[in-house]
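Student: I've got this one open on my screen and would like to talk through how it is put together. Can we go through it piece by piece?

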Amino acid sequence: MRILGIIPARGGSKTVPGKNIKKLNNKPLLQYTFNVANKANGLSDVILSTDDEAIMEVAKQIGLKVPFKRPVDLALDSSPTLPVIQHALKFFMNKGTHYDAVCLLQVTTPFKTSEFIDKAINKFINTRADALISVQKVPHKYNPHWIFKENGEGNLELFTNEKEIVTRRQDLPSDYYFRDGCIYITKTEVLLEQNSLYGSKISYIESPEEAAINIDTMSDWKMAEDYLKSQGN
């Protein structure tokens, strides 16, 4: 199976200015994801999708392929991910290059490993899913059976619409997950023909705790720095 690794990295980050190429422990953030993607056996090619000249220059310096410049209308704060992936696929299709699936790897989750990427790809292939996403288990305190919603009358009711709350943690159903943004893998036909990032059959892989550190704010950046220090880096 030919799988295209796409690293999306647009310019204009507001919460952490210049985030994608800001140096984390003397390396541009972008480089962490590229280094492991480049070593993953399951990826046929790895490319960058960006609208930003400075990011493109850093990518070229570290050896990351930049086959095109992303259109401005796909690099806005409001731009969804799906059209960004479709744009890349169509670029290669117009050149006669076909990929069976895409593996989207976010720059903002820098601590995934090549082994984790390959494990995700193998599960995606073996389960014959439309898509695979990386997830973590929902902490007990956020379990849907302990979540309330306002009922429009100034009172609360259970999110699950149950009449009685589960009082003991041990009695909570435990198999709830949230996507952590680390890895998305989707079949090309689902992306282009169904116009979907997920399709109808979604497989999953649980991320190691460090792999799920997702840098969106300066406090997240500090968490990433602290993690590296704890590893002696």
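Student: Let's start with two helices: how are H1 and H2 oriented to each other?

Tutor: Bearing in mind that this is a predicted model, H1 and H2 pack at an angle of about 45°, with 10 Å between their axes. The two helices are therefore oblique to each other, an angle of 65 to 115 degrees being what would count as roughly perpendicular.

Student: Which residues make that contact between H1 and H2?

Tutor: On the H1 side they are Leu30, Gln31 and Phe34, and on the H2 side Ile55, Ala59 and Ile62. The crossing in which H1 passes H2 is right-handed.

Student: OK, now the sheet. What's the strand order?

Tutor: Six strands make up an open sheet with mixed pairing, and their order is E4-E1-E5-E9-E6-E10. Strand E4 (45-49) and strand E10 (202-206) are the edge strands, each of them pairing on one side only. From one strand to the next, the twist averages 30°.

Student: And which helices pack on it?

Tutor: Helix H3, residues 81-93, packs on the sheet and touches strand E1 (3-8), E4 and strand E5 (101-105), with its direction at about 130° to that of E5. Helix H4, residues 114-127, also packs on the sheet, where it touches E1, E5, E6, E9 and E10, and its direction makes about 65° with that of E9.

Student: Tell me about E1. Is it buried or exposed?

Tutor: Six of the six residues of E1 are buried, so the strand is largely enclosed by the rest of the structure. Both of its faces are covered, with Ile3, Gly5 and Ile7 buried on one side and Leu4, Ile6 and Pro8 buried on the other.

Student: How does E1 pair with E4 and E5?

Tutor: E1 pairs with E5 in the parallel sense over four bridges, and isoleucine 6 has leucine 104 as its bridge partner in E5. The pairing of E1 with E4 is parallel as well, over five bridges, and there leucine 4 has aspartate 45 as its bridge partner.

Student: Where do we find an antiparallel pair, then?

Tutor: Strand E6 (residues 131-137) and strand E9 (residues 177-187) run antiparallel and are joined by six bridges. In that pairing, phenylalanine 178 of E9 is the bridge partner of glutamine 136.

Student: Switching to the core: how many residues are in the largest one?

Tutor: The largest nonpolar core has 41 residues, and Ile7, Leu43, Leu48 and Ile183 are those with the most contacts inside it. Among the elements that give two or more residues to this core are E1, helix H1 (29-39), helix H2 (53-62) and helix H6 (218-230). H1 gives the most, with six residues.

Student: What does leucine 48 touch?

Tutor: Leaving aside its neighbours within four places in sequence, leucine 48 has contacts that include Ile7, Leu30, Ile55, Ala59, Val66 and Phe68. There is also a second, separate core of 17 residues, and Ala88, Tyr99, Val102 and Tyr184 are included in it.

Key:
Residues numbered from 1 in each chain as written. Predicted model: local features only at pLDDT ≥ 70, side-chain atom pairs only at ≥ 80, totals over all residues. Heavy atoms only, no water. Pairing = 2+ DSSP bridges. Axes fitted to C-alpha atoms, helices over the stretch in contact; angles between N-to-C directions. Contact = heavy atoms within 4.5 Å. Core = buried A, V, L, I, M, F, W, Y, C linked by side-chain atoms within 4.5 Å. Buried < 20%, exposed > 50% of the residue type's maximum accessible area, 1.4 Å probe, protein only. Parallel < 35°, antiparallel > 145°, perpendicular 65-115°, else oblique. Left-handed = near helix turned anticlockwise from the far one by under 90°.
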